[in-house]
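Please report on the fold below, with attention to charged pairs and helix packing. The sequence and the structure come next.

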Amino acid sequence: YKYTDADGIVHYTNIKPGGERNYETFSFPCYASDPKCHDVDWERVPLNTRVFQDEIDLAAVRFSVDAALIRAIIHSESAFQPDALSPKGAQGLMQLMPAMQEELKVSNPYDPGSNIEGGSYHLSRVLDEFDGDVELAAAAYNAGSGAVRKYAGIPPYTETREYVRRVQILYRRYRLADS
């Protein structure tokens with residue numbers, strides 16, 4: 001649910017607003033691996049420009065990654081749900097798999113600061129590996145660097161191609177929202 005209170009503040013909640021007459025209902029069930037997400041119009045999905053702002057800004061500076069790209073990855077991966085658990089076992093905002101959590105020393109994947117720090121560091125590594133190419137970095141974030149190298153580009157996986165498309169749209173929209 002989305003509604004604007006008397007002070008003009010926009011609220012998003014999974015609980016039907018009591019007494020609120022003007023609210024919108026929308027569904028955002030999509031994790032990166034969800035094939036139903038092909039039908040989502042990513043050009044119109046509401047952006048979330050404020051939540052976890054401090055954590056995202058800190059990670060952006062620390063790992064030299066555009067905050068808008070971190071936000072696009074989080075939006076694509078978990079829709080900003082810190083307790084997200086994908087059907088494949090990825091956890092938290094940036095949907096880190098347990099092996100990646102261990103590699104990145106993320107002790108609690110459901111802690112937003114820890115998850116964003118670990119995911120942003122991983123994102124910075126794939127950006128470095130693919131010379132700053134956001135499409136290839138997004139593909140590597142989703143399917144792994146090995147798959148991107150094997151296919152010398154975005155792997156021919158439906159999930160990965162949709163994921164890269166989604167990240168590109170959201171990244172562009174978050175950059176415009178930040179300017």
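Which residue forms a salt bridge with Lys88? Glu159 does, and the closest N and O atoms are 2.7 Å apart. A salt bridge here is a side-chain nitrogen of Lys or Arg within 4 Å of a carboxyl oxygen of Asp or Glu. Glu159 sits in helix H7 and Lys88 in the loop between H2 and helix H3 (98-104), so the pair links parts of the chain 71 residues apart. Helices (H or I, at least four residues) and strands (E, at least two) are DSSP runs, numbered from the N terminus.

This is a predicted model, in which local features need pLDDT of at least 70 and side-chain atom pairs count only at pLDDT 80 or more, while totals for chains, interfaces and linings use all residues. Residues are numbered from 1 along each chain as its sequence is written, and side-chain values use heavy atoms, with hydrogens and water left out.

## Overall layout

The protein chain holds seven helices and three strands. Along the sequence the pattern is β-β-β-α-α-α-α-α-α-α. Of the 179 residues in the protein chain, 43% are buried. Buried means under 20% relative accessible area, exposed over 50%, and partly exposed in between (1.4 Å probe, protein chains only). Contact means heavy atoms within 4.5 Å. Among contacts in the protein chain with a separation of 6 or more, 46% are between residues 24 or more positions apart.

## Salt bridges

Side chains of opposite charge can pair when their charged atoms come close. By the rule above, the count is seven salt bridges. The table gives three of them, including the pair that opened this report.

| Glu43 | Arg172 | 2.4 Å |

Take the bridge between Glu43 and Arg172. Glu43 lies in the loop between strand E3 (23-24) and helix H1 (53-63), and Arg172 lies in helix H7 (residues 158-178), so the pair ties together parts that are 129 residues apart in sequence. Glu43 is partly exposed, at 38% relative accessibility. Arg172 is partly exposed too, at 32%.

Lys88, at 52%, counts as exposed.

Glu103 is partly exposed at 48%, and Arg125 is partly exposed at 26%.

## Helix packing

Two packed helices are described by the angle between their axes and the distance between the axes. Axes are lines fitted to C-alpha atoms, for helices over the stretch in contact, and angles run from 0 to 180 degrees between N-to-C directions.

H1 and H2 have axes that come within 9 Å and cross at roughly 125 degrees. The two helices are therefore oblique to each other. Angles under 35 degrees count as roughly parallel, over 145 as roughly antiparallel, 65 to 115 as roughly perpendicular, and the rest as oblique. H1 passes H2 in a right-handed crossing. A crossing is right-handed if the near helix is turned clockwise from the far one by less than a right angle, and left-handed if anticlockwise. From H1, Gln53, Ile56, Asp57, Ala59 and Ala60 meet Ala67, Ile70, Arg71 and Ile74 of H2.

H1 also packs with H4: the axes come within 9 Å and cross at roughly 30 degrees. The crossing of H1 and H4 is right-handed. Glu55, Ile56, Ala59, Arg62 and Phe63 of H1 make this contact with Gly113, Ile116, Glu117, Ser120, Tyr121 and Ser124 of H4.

Helix H5 (residues 134-143) packs on H7 at about 130 degrees, with axes 9 Å apart. That makes H5 oblique to H7. H5 passes H7 in a right-handed crossing. The residues of H5 that meet H7 include Val134, Ala138 and Tyr141, and their partners in H7 include Glu159, Tyr163 and Val167.

## Two single residues

Ser78 lies in helix H2 (residues 67-78). Ser78 is buried, with a relative accessible area of 2%. The Ser78 side chain reaches the backbone oxygen of Leu93 at 2.7 Å.

Arg149 belongs to helix H6 (residues 145-150). Arg149 is exposed, with a relative accessible area of 52%. Beyond its neighbours within four places in sequence, Arg149 contacts Glu129 and Phe130. Arg149 and Phe130 are 19 residues apart in sequence and 9.4 Å apart in space, C-alpha to C-alpha.

Key. Polar contact = N/O pair within 3.5 Å; in protein donor to acceptor, adjacent residues only side chain to side chain.
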